[in-house]
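Let's take a look at how two protein chains meet. Have the sequence and the 3D view open as you read.

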Amino acid sequence: MPRSIPSGMKFWQQKVDALPAAEIVKMYEAGYAGVWDDPAEKEKLHSLIRSDGGVVKGHEAAHANGWADSGKGKLIATWTHVEKCFPGCWPGAAQERGDCVSHGQKNANMTTVACEIIAAKPDEATGKVEGIPEIPTAGITEGAFSSEWLYWWRGYNGDGWSCQASAQVSIKHGMMLKMSYPELGIDLTNYSGSLAGKYGSRSPPAEMDAVGKQHLIRTATELETFEEVRDFLANGYGEQSCGSEGYASSRDENGVSRRRGSWAHSMAYIGADDRAETHAKYGGPLVLIMNSWGKWNSGPRAVLNAPGLQIPEGSFWTPWSDCKNRYVVAMSSAAGWPRKTLPDYLAPGL
Amino acid sequence: MKPWHWFAIAGAALAPLYLGIGVIAWKAMQPPPAPVVPGPVSNLKAIVTDAGDRAVLSGFYADFADVLKRDTATVTTTGAFRAWHIKAVDLLNQQTNRYGKYPALRQAVSDRIVAAIGLNDGAMDAATRAKLVDTLAGIAKELEG
């Protein structure tokens, strides 16, 4: 497949399945590419979006649906919906190989699912109101949704991938959870580099695909401006991003990290801040980025002028000016999980 | 009487008219009677007759309401609240003669909560949390008398 990695970067090389998080960070800082731009996959994504009746460009979707500028001037705390539905899911397991695209994609998909659960409106295709899927606590701590499932469809055994391809996989092969699937002979509860590398040139079996396909992301849309990023997050759509920007590992008093170095890396966008006071302090709006390196960074997790609100471990705010060149794709509505009903609120001890 | 109660009674009355397998088959098809769901009990103080127990349980539900009101990160779904409620009551009453002593209160508390927030296992949004806090605080106040 034709791949275009930024000048000065190298294709990912790793002799073992699992590297410690600190080594993974060094790999990115040394110029190994976890992502690349793939024009052929981009065309395929556009074709897939159009074939499903979707819209390739985000601004068209936002205007067509009447919510362009709905996030203007606001703090868009989309990540809090994910934390409500899957408390403890972030930062999730740190990647052990060059599979960042699958982690970023997983986080974007999970954000869309969580927002739909919170919205509690009937799914547009099934008519059913969706609920929180049952995931064991250990699986939630590992990230709640499976990044491995997505990575298994990359089509080769090496590492590194493209956002354009991972978006297609989400639409064609759906999502799986970090839990055991005994009927499939697979346990996705705990992430590992070797599990992530179980399939690649060889695709997962059809019976697994049948399960994943029960929970498809319905379409995707490419975003180019901050306004689109902001508005799609405001309306509950998780976002995947790929680019070559690196960021400082320390956050300032408001959770902000500035550009430092270069990483050919994928990360999800999980919040946006377009408030006037943010523009005044940072010269423009901020985007909240969720990394996949565990607790790799440090510093306050506060949010400017929002006492009590915190960003997740492993995430950081950055000015739009520091991430504006990244490729961003928003993931639309998902075929989620049925809403569960509790039996009662009986406490046997009374 | 609800319409399908009538159906069950009428059906049972007709059963003797069918013989052998027909009777067995017809009975097998007869739906079970609907559970009678009582409305929320209005006098919790009358259920918990021991003044000492009332003081403990009142204090417990007042504290639980306060904790829930201030919480932002632990009890994030109604399912989580249900689990925490069960565990907290167990911890409160274990190794005491209060444990399991008031089944009517158990049901009444459950009914109050269901009436306030329903049985959906979903995210604890601000409105749901507020209703739950009010319900628990109301239970505490009633027990306090």
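What follows is a short tour of the contact between the chains, with one stop inside chain A.

This is a predicted model, where local features need pLDDT of at least 70, side-chain atom pairs count only at pLDDT 80 or more, and totals for chains, interfaces and linings use all residues. Residues are numbered from 1 along each chain as its sequence is written, chains are lettered from A and ligands numbered from 1 in the order in which they are written, and side-chain values use heavy atoms, with hydrogens and water left out.

Here's the interface in brief; contact means heavy atoms within 4.5 Å.

| Item | Value |
|---|---|
| Residues from chain B | 36 residues |
| Residues from chain A | 17 residues |
| Area buried between chain B and chain A | about 2,200 Å² |

Buried area is the accessible area (1.4 Å probe) that two parts lose on being put together, summed over both. Carbon and sulfur atoms give 64% of it here.

Which side chains form the salt bridge? B:R82 and A:D344 do, at 3.1 Å from N to O (the rule wants a Lys or Arg side-chain nitrogen within 4 Å of a carboxyl oxygen of Asp or Glu). The count between chain B and chain A is one salt bridge.

Now for the stop in chain A: is A:S147 buried or exposed? A:S147 counts as buried because its relative accessible area is 3% (buried means under 20%, exposed over 50%, partly exposed in between, with a 1.4 Å probe and protein chains only). Leaving out residues up to four places away in sequence, A:S147 touches A:S102, A:H103, A:K106 and A:Y191.
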